[in-house]
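Please examine the structure shown below together with its sequence.

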Amino acid sequence: MTDIGFVRADMVDAKPAPNRTSGAIAWAQKNLFATPLDGVLTVLGVVFLLWIVPPLYNFFIGHAVGPSGTVEECRMENAGACWAYISSEMEFFIYGFYDIPQQWRPNIVFALGAALLIPLLIPKVPFKRTNAVLFLFAYPVVSYFLLAGGVFGLMPIPTEKWGGLLVTLIISVVGITLSFPLGIILALGRQSKMPVIKTLCIGFIELVRAVPLISVLFMASIMLPLFMPQGMTIDKFLRALVGVTLFTSAYMAEVVRGGLQAIPRGQYEAGASLGLSYWQRMYFIILPQALKHVIPGIVNSFIALFKDTSLVYIVGMKDLLEAVKTKNDTALEWQSANTATTGYLFAAMVFWVFCFSMSRYSIFMERRLNTGYKR
Amino acid sequence: MSQVSETTGAPTARSTMQISDTNVAIEVIGMHKWYADFHVLRDINLKVMEGERIVIAGPSGSGKSTLIRCINRLEEHQEGQIIVNGTELTADLKRIDEVRREVGMVFQHFNLFPHLTILQNLTLAPIWVRGIPKAEAEATAMHYLERVKIPEQANKFPGQLSGGQQQRVAIARSLCMQPRIMLFDEPTSALDPEMVKEVLEVMISLAEDGMTMLCVTHEMGFARQVANRVIFMDQGQIIEQNEPEAFFSNPQHERTKLFLSQILH
């Protein structure tokens, strides 16, 4: 009894507080100079930054020629990036050889695409079904006739003239929206119990995956016409589109298959025992779970497709990168030490903006779809 | 061994349950099944009348789960016939779907759809298989959720529920299709001991309503209380079947005696 009871006899005096654990100095001590090795690494890091940052700053901003600069400025010694060249070539980078007076047509296509795509990507916006139907079915038709012309008194513009960012975006948007469902169907086909379908899907996937995209495109542009009846041609642009789509769908199929394999057999059986048909089971039960598992892989394929669009130069299309490489009259006028570099940097930045957005959006989607039900 | 046993007349829940004399729910005739070269089910003959409640017992690997999985064609049989509600199961997908609509199944691991809420789990099949309007399907779903005593969980996800609750949802999900036969594949084996009772209570009340039930289970108390026939399987064969009273007090086959001596302490 006495062992349990306790009465304090001496009071404890106040002591000085331990070392500060917050604030800039404490943070630096903890994260930058915790040990001698850390200190050395920190110093080395700072030296590296001091060495690399100022020249980069000078090239990109300090000594760069702004958008309103002149060729002479770009040709000066010590001149940095020649942004003036980009701004004077911007139209070519965006539209390629698309007739200048007609450029309002791609502009409408861009605006319409943004107006339909952005609400589709924001979960809270209502009317998703209508929105999706408009984007997937109405939009491509409208865009095609707007861009190609030849109807409603619109001047026909052959696809050979399309170029720049316009081509990059068309190929990637069409490629992504078509290769995704196609990849799902191929993945399901590969798991099918029907031997013919299964063999066809495996054959297609393995063949396409075993061949570089560049040779698929090359085949499409050189070989395909040989098999065509005399006088019949398929548009180069269409061939590139089909090539890119089929290529990506094979990769997509394997990504989706990975997701399908992660779904326990019990899920298939529960659906079956309730009397749901095969397609109902897939649509309501299996695919929503499987696709959620493989969002990173799917977006990986999308990003790869977006960057691979630059390979369509093989069939003579002028996508963004090719437009930057093209030595047209303006490019020759603007010739200077840094013109080409600036062009490539610009292309890289545009690609980065699109790919990075896709990546961030996929992370957002993953978080949103995670209902915390993992068991 | 009686093929179909009458109710015993004992003052248990059993006496209130009606068994049809004429309507056959399930008939299995000379059925065999192989997994590759392994003969899992051998010459199974079984006739289940409407309203019968059958418990299938036996050691693991005896083929009891495989047998009830054959009854809604989650597994294929290679020889013999399985006739459910008058429809023979063949490779014909239409017939399979027809049978599955009328046969509910409850799994050991619940197999709820984790990406759907409880209510969506319950209404998915009625809406898309039976074509019932959404509002009506939801009303039915709530009715069965109340019956299994968890209406307040309707808008949660399966992962937020306990095992016992999930299994009750799984039972309710099958009931929403208003099946004529319910199959239970070890429904309490994956549950914490504390949760077994709540699931068994739901199953007992289902039996009292006259549902035709086939249960693979190790709950011998449940078998005594509800079953009107116990089937004992070993090595893919039906070794013995009898009324529960006689089955437990006076087993005939040596294998049955051994099994019972091991599980009844």
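Into which domains is chain A divided? Chain A comprises domain 1 (24–62), domain 2 (82–96 + 323–369), domain 3 (99–156) and domain 4 (168–317), with bounds that come from an automatic or database domain assignment. Between the C-alpha centres of domain 1 of chain A and domain 4 of chain A the distance is 46 Å.

This is a predicted model, in which local features need pLDDT of at least 70 and side-chain atom pairs count only at pLDDT 80 or more, while totals for chains, interfaces and linings use all residues. Residues are numbered from 1 along each chain as its sequence is written, chains are lettered from A and ligands numbered from 1 in the order in which they are written, and side-chain values use heavy atoms, with hydrogens and water left out.

**The four-stranded sheet of chain B**

Helices (H or I, at least four residues) and strands (E, at least two) are DSSP runs, numbered from the N terminus. Two strands pair if DSSP finds at least two bridges between them. In chain B, four strands make an open, antiparallel sheet with the order S2-S1-S4-S5. Strand S2 (38–49) and strand S5 (87–88) of chain B are at the edges with a single partner strand each, so one side of each has no neighbour in the sheet.

Eight bridges link S1(B) and S2(B) in the antiparallel sense, and B:Val24 is placed opposite B:Met49 in S2(B). S1(B) and S2(B) form a hairpin with two residues between them, and B:Ala36 in the turn has a positive phi of about 50°. Strand S1 (residues 24–35) of chain B is also joined by five bridges to strand S4 (residues 79–84) of chain B, again antiparallel. Within this pairing, B:Glu27 has B:Ile83 in S4(B) as its bridge partner.

Helix H1 (residues 64–71) of chain B packs on this sheet and touches S1, S2 and S4 of chain B, its direction making about 120° with that of S1(B). Contact here means heavy atoms within 4.5 Å; axes are lines fitted to C-alpha atoms, for helices over the stretch in contact, and angles run from 0 to 180 degrees between N-to-C directions.

**The six-stranded sheet of chain B**

A further open sheet of chain B has six strands in the order S6-S7-S8-S3-S9-S10, with mixed pairing. Its edges are strand S6 (103–106) and strand S10 (237–242) of chain B; each has a single partner strand, so one side of each is left without a neighbour in the sheet. From one strand to the next, the twist averages 20°.

S6(B) pairs in the parallel sense with strand S7 (residues 181–185) of chain B over four bridges, and the bridge partner of B:Met105 in S7(B) is B:Leu183. H1(B) lies across strand S3 (53–57), S6, S7, strand S8 (212–216) and strand S9 (229–234) of chain B, at about 150° to S7(B). Helix H5 (residues 163–175) of chain B lies across S6 and S7 of chain B and runs at about 170° to S6(B).

**Pocket and cavities**

On a 1 Å grid over the protein atoms alone, a cavity is a set of points where a 1.4 Å probe fits but cannot get out, and a pocket is an open set with protein on both sides within 12 Å along at least five of seven lines; lining residues have an atom within 4 Å of a point. Grid points are joined across faces, edges and corners, and a volume is the space filled by probe spheres set on the points.

The second largest pocket holds about 1,300 Å³ of space. Its lining has 28 residues, of which A:Lys193, A:Tyr278, A:Arg281, B:Leu93 and B:Arg100 are the closest to its centre. Helix H7 (164–190), helix H11 (265–273) and helix H12 (278–293) of chain A and helix H2 (93–102) of chain B each supply at least two residues of this lining.

There are two cavities of 30 Å³ or more.

| Cavity | Volume | Lining residues |
|---|---|---|
| Largest cavity | about 40 Å³ | A:Leu224, A:Pro225, A:Met228, A:Met232, A:Thr233, A:Ile234 and A:Arg239 |
| Second largest cavity | about 30 Å³ | A:Ser273, A:Leu274, B:Arg100, B:Arg101, B:Val103, B:Gly104, B:Met105, B:Ser174 and B:Met177 |

H2 and S6 of chain B are the elements that give two or more residues to the lining of the second largest cavity. S6(B) gives the most, with three residues.
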